[in-house]
Amino acid sequence: MARLTWLRDWSHSEQVTLRVLCLPGAGTAAHTYRRWSQLLPADIGVVAVELPGHGSRLSEPPARTVREILEPLADEVATLADRPLVIFGHSMGAAVGAELARLLRRERAITPALLIAAAREAPRPARDTDYTKWLSEDGARAFLREMGGTPPELLGNEDYIALMLPPLRADLAVLAGPWPEDTRPLDCPVRVYLGESDTGVRPERAAEWRAESNGDFAVHTFDSGHFFVHDRTAEVLARLCADVTDTIGSPRSGPAQRVP
């Protein structure tokens with residue numbers, strides 16, 4: 001694969017049957033998915049998105065609109081189109097992933113084989129969450145507390161907060177809009193993963209992801225909160241493999257490493 005700026009490819013080789021494109025949640029980085037390549041079957045490639053101002057791109061100015069993300073990201077994702085592509089997005093990543101899928105179809109005639117939206121309400125009808133209330137420094141701190149997943153000792157660590165807030169506030173600005181006006185369905189299978197105790201995602205609104213699908217749709221829940229993707233990794237990856245098998249087919253080889 002050519003040199004990449006927006007993508008981190010942790011696949012075991014280029015000889016994979018399909019790839020999972022992982023889009024992180026607000027304030028997080030590509031490295032949160034690095035371990036997945038060791039836990040999924042060897043024929044499933046793992047590629048994660050690294051936004052500017054995050055992770056290994058921390059020194060770069062962060063994007064503050066989804067438009068700044070979509071075009072350059074789509075250029076690199078289009079290089080993955082030689083294999084079936086599963087888009088997996090957590091929280092903000094699910095919203096960006098849906099718009100990325102629309103852009104790929106609209107401008108590059110590429111449709112993902114499967115979209116998995118984790119911990120996120122459907123993008124249609126119009127978003128009704130007010131993200132502007134979290135754009136200030138105090139608001140971003142409140143967002144971290146509200147979402148959970150950050151240990152109290154880290155919330156009280158000013159060095160950690162100073163590192164965390166700039167990319168988080170940039171991502172909250174992205175979420176606050178504006179967003180593309182193309183609302184046509186994605187026309188691919190869609191799976192929604194939810195945390196049972198995630199108070200920030202209404203199940204009835206999450207179920208509206210059905211309208212994005214081609215009719216192949218299902219919702220799966222996990223016994224955790226907003227960050228179940230990381231709290232219940234083994235269960236999430238087992239479910240992902242089952243959904244891939246149902247919609248695309250089984251990878252040819254066995255697991256690179258058994259999920260503990």
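This is a short walk through one protein structure, from its overall make-up to a few single residues.

Before anything else: the model is predicted. Keep that in mind throughout.

Let's start with the whole chain. The protein has nine helices and seven strands. There are 260 residues, and buried ones make up 51% of them. The exposed surface comes to about 11500 Å², with carbon and sulfur atoms supplying 49% of that area.

Next, the inside. The largest nonpolar core has 54 residues. Which residues have the most contacts inside it? They are Leu 7, Leu 21, Ile 69, Leu 73, Leu 100 and Trp 209. Helix 3, residues 92-108, gives the most to this core, with nine residues. There is also a second, separate core. That one has 26 residues, including Ala 30, Trp 36, Ala 48 and Leu 237.

Let me pick out Leu 73 from the largest core. Set aside residues up to four places away in sequence. Leu 73 then touches Trp 6, Leu 7, Leu 23, Val 49 and Leu 100. Trp 6 has another partner worth a look. The charged end of Arg 57 sits over the ring of Trp 6, 4.6 Å from the ring centre.

On to the aromatic rings. A pair of aromatic rings is described by two things, the distance of the centres and the angle of the planes. This structure holds six such pairs. I'll show two.

Pair one is Tyr 33 with Phe 88. The ring centres are 6.2 Å apart and the planes stand at 70 degrees. Why is this pair called edge-to-face? Because the angle of 70 degrees is over the 60 that the term asks for. Where do the two residues sit? Tyr 33 is in the loop between strand 2 (18-23) and helix 1 (36-39). Phe 88 is in strand 4, residues 85-90. So the pair ties together parts that are 55 residues apart in sequence.

Pair two is Phe 222 with Phe 228. This one is stacked, with 5.2 Å from centre to centre and 10 degrees between the planes. Phe 222 is buried, at 5% relative accessible area. Phe 228 is buried, at 0%.

Now put the rings together. Tyr 33, Trp 36, Phe 88, Tyr 193, Phe 222 and Phe 228 form one aromatic cluster. Trp 36 you have met already, in the second core.

Ala 117 is buried, with a relative accessible area of 0%. Leave aside its neighbours within four places in sequence. Ala 117 is then in contact with Gly 89, Ala 94, Arg 191, Val 192, Tyr 193 and Trp 209. Val 219 is 102 residues from Ala 117 along the chain, yet their C-alpha atoms are separated by 9.5 Å.

The next stop is His 220, in strand 7, residues 213-222. Why does His 220 count as buried? Because its relative accessible area is 17%, and buried means under 20%. Beyond four places in sequence, His 220 touches Arg 191, Val 192, Tyr 193, Leu 194, Arg 239 and Asp 243. With Arg 239 there is a polar contact, side chain to side chain, at 3.4 Å.

Last topic: the backbone. Which peptide bond is cis? The one from Gly 177 to Pro 178, with omega near 5 degrees. Pro 178 lies in the loop between helix 6 (158-176) and strand 6 (188-195).

Two residues have a positive phi without being glycine. Ser 91 has phi near 60 degrees. Ser 91 lies in the loop between strand 4 and helix 3, and it is buried at 11% relative accessible area. Ala 119 has phi of about 55 degrees. Ala 119 is found in the loop between strand 5 and helix 4 (137-147). Ala 119 is also buried, with a relative accessible area of 2%.

Definitions and conventions. Residues are numbered from 1 along each chain as its sequence is written. This is a predicted model: local features need pLDDT of at least 70, side-chain atom pairs count only at pLDDT 80 or more; totals for chains, interfaces and linings use all residues. Side-chain values use heavy atoms; hydrogens and water are left out. A nonpolar core is a set of buried Ala, Val, Leu, Ile, Met, Phe, Trp, Tyr and Cys residues joined through side-chain atoms within 4.5 Å. Buried means under 20% relative accessible area, exposed over 50%, partly exposed in between (1.4 Å probe, protein chains only). Helices (H or I, at least four residues) and strands (E, at least two) are DSSP runs, numbered from the N terminus. Contact means heavy atoms within 4.5 Å. A polar contact is a pair of N or O atoms within 3.5 Å; within protein, one must be able to donate a hydrogen and the other to accept it, and residues adjacent in sequence count only if both atoms are side-chain atoms. Rings of Phe, Tyr and Trp (its six-membered ring) pair if their centres lie within 6.5 Å; planes under 30 degrees apart count as stacked, over 60 as edge-to-face and the rest as tilted. A charge sits over a ring if NZ of Lys or CZ of Arg is within 6 Å of the ring centre and within 35 degrees of the ring normal. Accessible areas come from the Shrake-Rupley method with a 1.4 Å probe; for residues, only the protein chains shown count as cover.
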